[in-house]
Amino acid sequence: MTFLTPTLITGDRSLVDVVVHELTHSWFGNGVTHAHASHFWLNEGWTTYMERVLQRVLHSEGDRGFSFLIGRKALTEALEQYRDRPKYQRLVIEFEKGEDPDDAYSSIPYEKGSNFILHLERTLGGLDAFLPYVRDYVKTFTGRSITTEQWRDHLYQYFAAHGGAEKTSALNLIDFQAWFEGEGLVLPVNMVYDDSLALPAFSLAERWNESRNTPVSGLDFKDADVQDFNSNQKIIFLDRLLGYSPLPSSHILHLGEVYRLSSSPNSEIRLRFYLLALLDPASEVARICAPIASSWVVGEDETGVIKGRMKFCRPIFRCVSKVDGALAVEVFTKFQAQFHPIARKMIEKDLGIIL
Ligand SMILES: [Zn+2]
């Protein structure tokens with residue numbers, strides 16, 4: 001049985017990939033479980049990898065590469081967030097007694113993990129050679145809890161039996177240690193993804209970036225600019241804009257309206273629009289959007305649904321608190337009982353309510 005957050009029901013199927021992710025956990029995470037928190041990547045890395053394999057079936061190879069590109073940004077941010085705690089940049093983390101694994105929770109097990117498996121797939125001869133192994137992996141371990149070591153032993157055994165010396169020497173080229181225990185902001189391998197869907201989104205972002213000195217009345221952006229974009233392209237367009245220095249308030253408000261991003265039913269898009277609006281905490285658009293974003297995250301919006309997933313609520317509260325600390329604490333305090341206890345604890349830490 002899979003429980004899903006109502007924020008996935010957008011009315012346009014644009015978050016079906018998350019549904020795919022959660023159902024995939026029936027095999028990776030629920031069927032084969034990690035032995036303990038050090039091996040959490042086995043759940044999320046595998047599930048994220050398989051989610052993207054299924055995107056090839058649902059959409060296209062381009063969409064698969066595109067999701068890795070989107071994930072790559074989240075990975076870089078998470079690695080930067082742990083700059084002072086490099087241990088949490090690792091894929092396999094040794095926890096001390098009393099250390100809370102939730103403190104290490106981030107995109108890293110998802111994204112570093114799925115990149116690692118993608119690298120294995122490419123090294124071992126692509127999907128045709130790799131998917132039969134995946135089936136064998138699940139069959140071997142379903143109903144059991146395993147460690148990274150057990151996973152790797154099976155990987156070697158499988159490819160020794162299916163491919164022999166050639167596959168074994170391919171496996172020997174992989175720097176497992178660097179993937180498991182590597183720290184820092186870069187991956188052990190320079191990963192290249194299909195970027196055919198990303199390029200139009202990047203060039204639109206560049207047009208907005210170059211428009212910053214033109215008054216809004218002189219801009220010629222139209223709804224048609226994003227008419228052919230799928231939701232992931234809108235997401236990466238906004239991600240790209242988030243990487244530039246903040247646009248003028250007038251431009252961000254115009255952007256939200258002309259592409260209907262500020263009213264999007266897709267919470268991934270809505271989140272990024274608010275992050276863009278709150279990027280410069282001293283700006284006019286940040287003051288306008290801080291109360292709107294905090295109402296949205298607690299479900300005091302047209303959906304009535306709390307955005308309880310940590311990827312939504314934590315960054316919104318963090319950004320709102322930079323604009324108006326008292327507002328963030330006030331809104332959170334009023335709705336805290338509706339958040340999952342782990343999310344509640346993390347927001348309390350982010351807002352400095354608890355240490
Ligand atoms: Zn998951």
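Which domains does the domain assignment of the protein chain give? Good morning. Before I answer, please keep in mind that the structure above is a predicted model.

The assignment gives domain 1, covering residues 6-181, and domain 2, covering residues 210-350. The centres of domain 1 and domain 2, taken over C-alpha atoms, are separated by 29 Å. Where the domains touch, domain 1 contributes 12 residues and domain 2 contributes 14 residues. On the side of domain 1 that touches domain 2, five residues are nonpolar, five are polar and two are charged.

Let us turn to a pair of helices. Helix 2 spans residues 41-58 and helix 4 spans residues 108-123. Their axes come within 7 Å and cross at roughly 65 degrees. The crossing of helix 2 and helix 4 is right-handed. From helix 2, the contact is made by Trp41, Glu44, Gly45, Trp46, Thr48, Tyr49 and Arg52. From helix 4, the residues taking part include Pro109, Tyr110, Phe116, Ile117 and Leu118. By class, the contact of helix 2 with helix 4 has eight nonpolar, four polar and three charged residues.

My next topic is helix 15, residues 325-335. Which residues of helix 15 are buried? They are Ala328, Val331 and Phe332. These three lie on the same side of helix 15, because they cover an arc of only 95 degrees around the axis. What do the buried residues of helix 15 pack against? Their partners are helix 13 (284-297), helix 14 (310-323) and helix 16 (341-350). The face of helix 15 turned away from the buried side carries Ala326, Glu330, Thr333 and Lys334, which are exposed.

Ala129 is found in helix 5, residues 127-141. Why is Ala129 classed as partly exposed? The reason is that 16 other C-beta atoms lie within 10 Å of Ala129, and a residue counts as buried at 20 or more and as exposed at 12 or fewer. Ala129 and Asp239 are 110 residues apart in sequence, and from C-alpha to C-alpha they are 34 Å apart in space.

The other residue is Arg260, placed in the loop between helix 11 (249-258) and helix 12 (267-277). Arg260 has a positive phi of about 55 degrees, although it is not a glycine. With 14 other C-beta atoms within 10 Å, Arg260 is also partly exposed.

Thank you for your attention.

Note on methods
Residues are numbered from 1 along each chain as its sequence is written. This is a predicted model: local features need pLDDT of at least 70, side-chain atom pairs count only at pLDDT 80 or more; totals for chains, interfaces and linings use all residues. Domain bounds come from an automatic or database domain assignment. Two residues are in contact if their C-beta atoms, placed from the backbone, lie within 7 Å. Ala, Val, Leu, Ile, Met, Phe, Trp, Tyr, Cys and Pro count as nonpolar, Asp, Glu, Lys and Arg as charged, and the others, Gly among them, as polar. Axes are lines fitted to C-alpha atoms, for helices over the stretch in contact, and angles run from 0 to 180 degrees between N-to-C directions. Helices (H or I, at least four residues) and strands (E, at least two) are DSSP runs, numbered from the N terminus. A crossing is left-handed if the near helix is turned anticlockwise from the far one by less than a right angle, and right-handed if clockwise. The arc is that of the directions from the helix axis to the C-beta atoms.
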